[in-house]
Structure formats: structure tokens, C-alpha cells
Amino acid sequence: MVERFLEQTTFESQEDFKKNFKITIPENFNFGYDVVDAWAETEPQKKALCWTNDKGDHIDFTFAEMKDCSDRTASYFQSLGIGSGDMVMLMLKRRFEFWFSIVALHKLGAVVIPATHLLTKKDIIYRANAAGIKMIVCTGEDIILEHITEAMPDSPTVKQLVSIGPLVPDGFGDFHKGMDNAAPFVRPAKVNTNDDTSIMYFTSGTSGEPKMVIHNFLYPLGHITTGSMWHNLKEDSLHLTIADTGWGKAVWGKLYGQWIAGATVFVYDHEKFTPADMLQKIQDYGITSLCAPPTIFRFLIREDLSKYDLSSLKYCTIAGEALNPAVFDSFYKLTGIKLMEGFGQTETTLSICTFPWTTPKPGSMGLPNPQYDVDLLRPDGTKAEDGEQGQIVIRTGNKPIGLFKEYYRDPELTYNAMHDGIYYTGDVAWRDEDGYYWFVGRADDVIKSSGYRIGPFEVESALMTHPAVVECAITGVPDEIRGQIVKATIVLSKEYKSKAGETLVKEIQEHVKKITAPYKYPRIVEFVDELPKTISGKIRRVEIRSQGNKQVSD
């Protein structure tokens, strides 16, 4: 399949990749017809989805079955009045109906809005009105149904509600009855152009109201590098990305690039993440490829991996937040597998990463994806030199496939982020002499203390080398003398929880001074049970900054 869209499909070096990577752009590309249905036609019995849950259920779906289910779903949605350009929000957790629905909506030319099941009444009202949502498809669980129902009086654009069960209350259509009774699906005469909007995300940003990021119908092709290159997937791969479908990482790792590569997507539908359960699934199903955020790997390496047969696992990638070298080293020591880091945003596809033909540098984001023209700029707009911090930017002159169209209904916000031929990511990094990028932090998270610019990530990486630290977050705290001082908010390992106190604070501070430049050490240390995070697993530093300081030491 991937050869339909690439002039050259394998690469031996970064130079080869930069020179010869080129996406062939079809006219009016549609992922539903041009990938899912194309597989169903050429290899109908090829396994598309391997789904299981924490109740012991297991279902495999071939591409022929995925075509049939998405067609019947599309026909049902048509009967509810959904068509090209209509906004439809999916709150489907990890249920297999998510895949039926997103492919169906693509086939109709509608706009998919994946959303977390954790949305409250207020969140739903905000999204419904901000985007003009016409239909919501949800998991039929009490709390989800309750929040949606309570939101409806203040959500006038929403015309249809659909539940996949188990509960289907009054006012909600029955998804499975609708599928079963649907008329044969007929492809609409006009579905989409390449530049029509296909998917929109409300970003779960670390501050402020979420932004509405919209992508066109070429967005899935932007993920060819995600699946075929970064994840290194083949047609016999069984790939697991640990992500809820309400997060953008789901289409990064559970749909577009994976199915274009011909890999089987593995889904473990669980209510609560348990490291031991995940390792058991990797063993039992023979997972060959795994992608997860650093938080997941931090917990996996604290399990006794010798209890599991992980021999099927050949390749692991990591994204969501910057990778601490200590996590890389520990996982490599335990498994012999090098974690290949990737960087991107809701607004982009994979833009910087460690590709299979490159050697990972623990803690580095990797090298730019030639799909994008990536650079580093100083605050004055000039190019940053090697070794110098700068904001990561993408030059937009060549209209790169995978870069978002705009922030929906917000031209001012769009202009602030993307103007004069440049998209400003808001992330700060530096580049070494080999061209590898090293994450520093969000531009608004960089700490300025006594004239020094301190990146949160470098201090967090130093902290992660101490055995007491499971997770941590570095933030800046206002200080009359230094401008700002460094604060560490730390989740302790089980062995150290009883030792929380001034002595451990001093020990951790001295440890950081030895690992990195002494001026970077945290003058404030707080021990917590957990860190506040977005649904996508990103640490909410803005929330930490707003909290009081409970443990102080100079």
C-alpha cells in the first residue's frame, strides 16, 4: 500500500531520506476509500485490528470486515442527516466502534472530533458551541451519558446523540441497531477535496482554553513517516500505541500510518493502566512494536521484566514528552531495545525523530523529518547557531503535508502561530554539531534565574537519575532576588515514600548539583502522590505553578 504514495519506500541513511522522500498526492484523497477499502479489495482477509479488553473479550477485524462495518456505520450516520462538512464528536474510549466511526465519517466527508470520555458538562457545552457540533457518538456509560444529557439544553447545534451501549437511554440512537438496519451504503457523488477539513482536535493544552486544530484530508498521508519510518512497521507487524482515542496520539499510532503500512493495530481496551497487565498483553499476543509516552515506560521499567517473555518485541518508540536519558538507559539494559524518540504536535505530524537508520542519542529528539523544513530561531527571528537555544519553527512555503490548516474560527490565534511563511511551535530546543535536536521546554516554561536560562527538561533528567524519583516536574517560582528559582515537584518511589523530608530534599538537591550545573538545582522541593496531567499525559506545569510551595530549602 505505501508504495502507492511514495516514489521510494526504503532508505539507507538520513541523506538518502532527505534526498529521495517524496509523497505522491492523489486527487481528492480519502483515507476510507483509498486505504481501508483498497486493502479490502486487494487483501480482504488481512487483519486490520486486533482488539481485546480487560474483561477477556477478543475480536479480530479483517480489512474486509472493517470496510463492511464502516460502510454500514456511514449509512446509519447518513440516515441521521450527517454529510460533508458536518462536525461529529466521538467519545468512544478504546472501543472498536471508534474505528468504524472515524472511517465512516471520512467516507462521508464529515469532520471527526475525537474527544476524551472525561469531558464534563461544561467541557461538552464549550466544544459543542465553539465548533458547531451536530452529532455526538459516545460510550453508553452512566457518567458519560449524564454529562452529555446535562449539556444538551445549552448546546443548540447538537441534533443527534448516539450511544454504542451498553446503555442506550431515551434521546440516544442505538449505534448497533442503526448499523444492523442500515440501507446498503452508496458513496456520495462528492465527498471531499484534499483541502477540506477532515479532523479537528481540541488541544488539551497545558494552559488556557483548548484550541481547535483542524487538518485537511491529506493529514493521514503525513503519517506515512510515522508508521513506515519511525515505527518501522511492515505488513506483518503487530503494533501497540498506548493512547486513548480522545488524544491525537491515537491517529498517530492506532490508525493512519499503521494501516497505510499494512500493519495490524493492537488495541487493549482497559479502564486503568496497570504495567503488569500491559506486559502480559505484549507477551500473550506477540506484540512486535510498541509506542508510549515516557510516563508509561517509567512504570514499565519498575516491573520485574524477567517474569515476561518479551521476545516478540522488536522495536519501541516514545513520544508525548521529552525522554529522560535515565529511562532510555534502563529500558535498554532490561530489554536490549533502544527507545526511538519522536517529536510532533497536534498541529503537525512527526516533525523530528530518531529514524531506524540513525543512532539514537539518549535524551535527544533526533533529526528533522524532511517532510518539514525545520529550523531554530532566536527571539529576534534570526537563525540560532549549533549549541544555542532557539524556538523550533517550520517553514511553510512548501505547504508541508501534515501541517494543520488553522485554528478554527480564530484567525488572530492562527496568525500569532503561523505568519510570514513560518509556523512557530512554541517549543525551545538546541541543535548539536551532528544536527540532532535537544528539547529544552515550552517557551513559556523556560526559567530565568539570576541571568541564567534554565530548561525544565534538563533538570528533570538530572532528577530522574536518583532512585527515589519516579516522576517529576520542574517549574519556576518568582523570587525577589533571582527573578525566579527552580522548583521540583516529585513523585517518590515506594521505597522512598517513608523517607520524605528535609534529609531527602538535601540529598536530591546535592544529587542534581553533581549531575548538572549547580545553579540549576531545585531550591524548592515538593513531594506529591501524583502530577497533574492532561488527558494526553502531558504534565500541567501551569497547575503546579498555581499551587503553594510546601517544602523549601536553600
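This is a predicted model: local features need pLDDT of at least 70, side-chain atom pairs count only at pLDDT 80 or more; totals for chains, interfaces and linings use all residues.

Biologist: Which residues of α5 and α6 make the contact?

Modeller: From α5 come Lys121, Ile124 and Ile125, while α6 contributes His147, Ile148, Glu150 and Ala151. Sorted by class, this contact of α5 with α6 holds four nonpolar residues, one polar residue and two charged residues.

Biologist: What describes two packed helices?

Modeller: Two packed helices are described by the angle between their axes and by the distance between the axes. Here, helix α5 (residues 121-131) packs with helix α6 (residues 142-151) at an angle of about 55 degrees, and their axes lie 8 Å apart.

Biologist: At what angle do helix α2 and helix α3 pack?

Modeller: Helix α2 (residues 31-42) and helix α3 (residues 63-79) pack at about 130 degrees, with their axes 8 Å apart. The pair α2 and α3 is therefore oblique as well. The crossing of α2 and α3 is left-handed. On the α2 side the contact is made by Val36, Asp37, Trp39 and Ala40, and on the α3 side by Phe63, Ala64, Met66, Lys67 and Asp71. By class, the contact of α2 with α3 has six nonpolar residues, three charged residues and no polar ones.

Biologist: Let us turn to the cores. Where do nonpolar side chains tend to be in soluble globular proteins?

Modeller: In soluble globular proteins, nonpolar side chains tend to be buried together. In this model the largest nonpolar core has 75 residues, and Phe77, Ile102, Val137 and Trp259 have the most contacts inside it. Helix α4 (residues 97-108) supplies the largest share of this core, namely eight residues.

Biologist: Which residues does Ile102 touch, not counting those up to four places away in sequence?

Modeller: With those set aside, Ile102 touches Leu90, Val112, Ile199, Val251, Leu255 and Tyr256. There is also a second, separate core of 50 residues, which includes Ile242, Ala468, Cys472 and Ile508.

Biologist: How many residues of helix α16 are buried?

Modeller: Helix α16 (residues 456-463) is mostly covered, with seven of its eight residues buried. These buried residues are Pro456, Phe457, Val459, Glu460, Ser461, Ala462 and Leu463.

Note on methods:
Residues are numbered from 1 along each chain as its sequence is written. Side-chain values use heavy atoms; hydrogens and water are left out. Axes are lines fitted to C-alpha atoms, for helices over the stretch in contact, and angles run from 0 to 180 degrees between N-to-C directions. Helices (H or I, at least four residues) and strands (E, at least two) are DSSP runs, numbered from the N terminus. Contact means heavy atoms within 4.5 Å. Ala, Val, Leu, Ile, Met, Phe, Trp, Tyr, Cys and Pro count as nonpolar, Asp, Glu, Lys and Arg as charged, and the others, Gly among them, as polar. Buried means under 20% relative accessible area, exposed over 50%, partly exposed in between (1.4 Å probe, protein chains only). A nonpolar core is a set of buried Ala, Val, Leu, Ile, Met, Phe, Trp, Tyr and Cys residues joined through side-chain atoms within 4.5 Å. Angles under 35 degrees count as roughly parallel, over 145 as roughly antiparallel, 65 to 115 as roughly perpendicular and the rest as oblique. A crossing is left-handed if the near helix is turned anticlockwise from the far one by less than a right angle, and right-handed if clockwise.
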